[in-house]
Amino acid sequence: MNIGFIGTGNMGKILIEAMIESHSLAPSAIFMTNRTIAKAAAINKIYPETNVLDNASEVIEHSDIIFICVKPLDIHPLLLNVRHLLRRDKCLISITSPVQVEQLESIVNCQVARVIPSITNRAFAGVSLFTFGNSCSNDMQQKIEKLFEGISTPVEIENEITRVASDIVSCGPAFFSYLLQRFVDGAVKETEISHERAVQLASEMIIGMGKLLETELYTLPTLQEKVCVKGGVTGEGIKILEEQLGNVFENLIKSTHRKYDEDIEEVRRQFEK
């Protein structure tokens, strides 16, 4: 089974690297292209058995499953140019949240799915979010899920929770990296610890916390309970978080949903022309 990638920017590159290094895909089974072809060539330099092609049409011709890894507003014009090549036995996969599988099915005759990956998939970890079109056969669904099982935990979701699920899975690493960096900055500013040492300790802490959750020794609430001794130092820190965080995460979700609604409306206008 050959896999095509149209677009080898950040996420396209992450998927290619993860699938090759997890042995989910043989490099020779990958066919890729990019608007700036040098980006695809750079991946080929690392994995010489991969195939770099000149354009999207050639990738589709050589591939059974095709990942569209371009910006949401670039998808519609791209598909109008190549839809005659998308036969029923092929499967088109979008990795962007604002484009619905129903919209893709309205202009192509092939099987359709949406898979929203996460940067954590690069470490063969985290979740990938799945939504299958009505056109996608059970056999194809199983092939796609198996492809992602080597780099993630595939989770099928409904359209209604696409944005919030993406906030947690896909945007979450950026949000919590920012919070962790602020934690480090505060420690450096208020104490004599060096930035390098604070980063080391914070990084090892978050890795250890992840392993505790992975082994199911603790849940998020029980982690807090075990560390937060009544009248102790941790409890004082929790008080500050409770007082000052306020509705920050509620407002974060509202903000991402406002932007998502704007993106959906722009995409909708394209597909309804």
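Me: Among contacts in the chain between residues at least 6 apart in sequence, what percentage join residues at least 24 apart?
Reply: The model is a predicted one. The chain in it has eleven helices and eight strands. When contacts between residues at least 6 apart in sequence are taken, the share that joins residues at least 24 apart is 61%.

Me: Of the 273 residues of the chain, what percentage count as buried?
Reply: The C-alpha trace spans about 70 × 40 × 35 Å along its principal axes. A residue counts as buried when its relative accessible area is under 20%. Of the 273 residues, the part that counts as buried is 38%.

Me: What length does helix α1 reach from its first C-alpha to its last?
Reply: Helix α1 covers residues 10-21, which makes twelve residues. At 1.5 Å a residue, a span of 16 Å is expected, and the helix comes close to that. From first C-alpha to last, α1 reaches 16 Å.

Me: Which elements are included in what covers the buried residues of α1?
Reply: The buried residues of α1 are Gly12, Ile14, Leu15, Ile16, Glu17, Ala18, Met19 and Ile20. Their cover includes strands and helices from several parts of the chain, and these are β1 (3-6), β2 (30-33), α2 (37-46), β4 (65-68) and α6 (138-149).

Me: Is His23 buried or exposed?
Reply: His23 follows α1 and sits in the loop between α1 and β2. Its phi is positive, about 65 degrees, although His23 is not a glycine. Most residues other than glycine have a negative phi. Because its relative accessibility is 73%, and the cut-off is over 50%, His23 counts as exposed.

Me: Where is Glu216 found, and is Glu216 buried or exposed?
Reply: Glu216 is not a glycine, yet its phi is positive, about 60 degrees. The residue is found in the loop between α8 and α9. Its relative accessibility is 70%, so Glu216 counts as exposed.

Me: How many Å separate the C-alpha atoms of Gly7 and Leu201?
Reply: Gly7 lies in the loop between β1 and α1, and with a relative accessible area of 5% Gly7 is buried. Leaving out residues up to four places away in sequence, Gly7 touches Gly12, Thr33, Asn34, Cys69 and Val70. Leu201 is 194 residues from Gly7 along the chain, and the separation of their C-alpha atoms is 37 Å.

Me: Which residue has its backbone oxygen 3.0 Å from a polar atom of the side chain of Ser118?
Reply: Ser118 lies in the loop between β6 (111-116) and β7 (127-132). Its relative accessibility is 0%, so Ser118 counts as buried. Not counting residues up to four places away in sequence, Ser118 touches Met11, Val127, Val169, Ser170 and Pro173. The backbone oxygen that lies 3.0 Å from a polar atom of the Ser118 side chain belongs to Val169.

Me: With the side chain of which residue does the side chain of Thr162 make a polar contact?
Reply: Thr162 is in helix α7 and is buried, with a relative accessible area of 0%. Apart from neighbours within four places in sequence, Thr162 is in contact with Ser97, Arg114, Ile116, Ile157 and Tyr260. The polar contact, at 2.9 Å, is with the side chain of Arg114.

Me: Which helix supplies the largest share of the lining of the largest pocket?
Reply: The largest pocket holds about 2,700 Å³ of space and is lined by 46 residues. Nearest its centre lie Phe176, Leu179, Leu180, Ile206 and Met209. At least two lining residues each come from α7 (162-190), α8 (195-214), α9 (220-227), α10 (233-245) and α11 (248-271). The largest share, 13 residues, comes from α7.

Me: Which helix gives the most to the lining of the second largest pocket?
Reply: About 970 Å³ of space lies in the second largest pocket. Its lining has 34 residues, with Cys69, Val70, Lys71, Pro72 and Asp74 nearest the centre, and it divides into 14 nonpolar, 13 polar and seven charged. Helices α1, α4 (72-82), α7 and α11 each supply at least two lining residues. The helix that gives the most, with five residues, is α4.

Definitions and conventions:
Residues are numbered from 1 along each chain as its sequence is written. This is a predicted model: local features need pLDDT of at least 70, side-chain atom pairs count only at pLDDT 80 or more; totals for chains, interfaces and linings use all residues. Side-chain values use heavy atoms; hydrogens and water are left out. Helices (H or I, at least four residues) and strands (E, at least two) are DSSP runs, numbered from the N terminus. The expected span of a helix is 1.5 Å times one less than its number of residues. Buried means under 20% relative accessible area, exposed over 50%, partly exposed in between (1.4 Å probe, protein chains only). Contact means heavy atoms within 4.5 Å. A polar contact is a pair of N or O atoms within 3.5 Å; within protein, one must be able to donate a hydrogen and the other to accept it, and residues adjacent in sequence count only if both atoms are side-chain atoms. On a 1 Å grid over the protein atoms alone, a cavity is a set of points where a 1.4 Å probe fits but cannot get out, and a pocket is an open set with protein on both sides within 12 Å along at least five of seven lines; lining residues have an atom within 4 Å of a point. Grid points are joined across faces, edges and corners, and a volume is the space filled by probe spheres set on the points. Ala, Val, Leu, Ile, Met, Phe, Trp, Tyr, Cys and Pro count as nonpolar, Asp, Glu, Lys and Arg as charged, and the others, Gly among them, as polar.
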